[in-house]
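Colleague: Please take one part of this model and go through it closely with me. I would like to start from the charged side chains and follow them into their surroundings.

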Amino acid sequence: LLRYGFWEQRYQKCNSTCLHTNAASIRLHEKLGFVQEGRIRRVCFTGGGYLDEVLFGITREEFDETMNALAGQRPTAA
């Protein structure tokens, strides 16, 4: 999806959010090259308490760097 947005549609920035308790989503964003840009405090009330929303962003250049790094990690065929 990010490849399509950046390389085909020529988007310059992608934003995303998740709740601060969603550790798997936070790890995924970081692995994809997203940068944590902020936090909206106490945005969601669930399970008897308030949760924060974490804001992520990635630019076209940051995405290209991530893709190049991942391409360098791929094993070569023997």
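**Charged pairs and the sheet around them**

Modeller: Happy to. Arg-39 has 42% relative accessibility, so it counts as partly exposed (buried is under 20% relative accessible area, exposed over 50%, and partly exposed in between, with a 1.4 Å probe and protein chains only). Before going further, this is a predicted model, in which local features need pLDDT of at least 70 and side-chain atom pairs count only at pLDDT 80 or more, while totals for chains, interfaces and linings use all residues. Residues are numbered from 1 along each chain as its sequence is written, and side-chain values use heavy atoms, with hydrogens and water left out.

Arg-39 makes a salt bridge with Asp-52, whose closest N and O atoms are 3.0 Å apart (a side-chain nitrogen of Lys or Arg within 4 Å of a carboxyl oxygen of Asp or Glu). Because Asp-52 sits in strand S3 and Arg-39 in strand S2, this pair ties together parts 13 residues apart in sequence (strands are DSSP E runs of at least two residues, helices H or I runs of at least four, numbered from the N terminus). Asp-52 itself counts as buried, at 13% relative accessibility.

The total is three salt bridges. Lys-13 and Glu-37 form another one, at 3.1 Å from N to O. Here Lys-13 belongs to strand S1 and Glu-37 to strand S2, so parts 24 residues apart in sequence are tied together. Lys-13 is partly exposed at 39%, and Glu-37 is partly exposed at 46%. Asp-64 and Arg-60 also meet in a salt bridge, at 3.0 Å from N to O; being four residues apart in helix H3, they are separated by about one helical turn. Asp-64 is partly exposed, with a relative accessible area of 22%.

Now to the sheet. Three strands form an open antiparallel sheet in the order S1-S3-S2 (strands pair if DSSP finds at least two bridges between them). Its edges are strand S1 (13–19) and strand S2 (35–46), each pairing on one side only. From one strand to the next the twist averages 25° (axes are lines fitted to C-alpha atoms, for helices over the stretch in contact, and angles run from 0 to 180 degrees between N-to-C directions). Seven antiparallel bridges join S1 and S3, and Cys-18 stands opposite Val-54 in S3. Helix H3 packs on the sheet and touches S2 and S3, its direction making about 80° with that of S3.

Cys-18 and Val-54 are also members of the largest nonpolar core, which has ten residues, including Phe-6, Phe-56 and Met-67 (such a core is a set of buried Ala, Val, Leu, Ile, Met, Phe, Trp, Tyr and Cys residues joined through side-chain atoms within 4.5 Å). Two or more of its residues come from each of helix H1 (2–8), strand S3 (49–59) and helix H3 (60–73), and S3 gives the most, with three. Beyond its neighbours within four places in sequence, Met-67 is in contact with Arg-3 and Trp-7 (heavy atoms within 4.5 Å).
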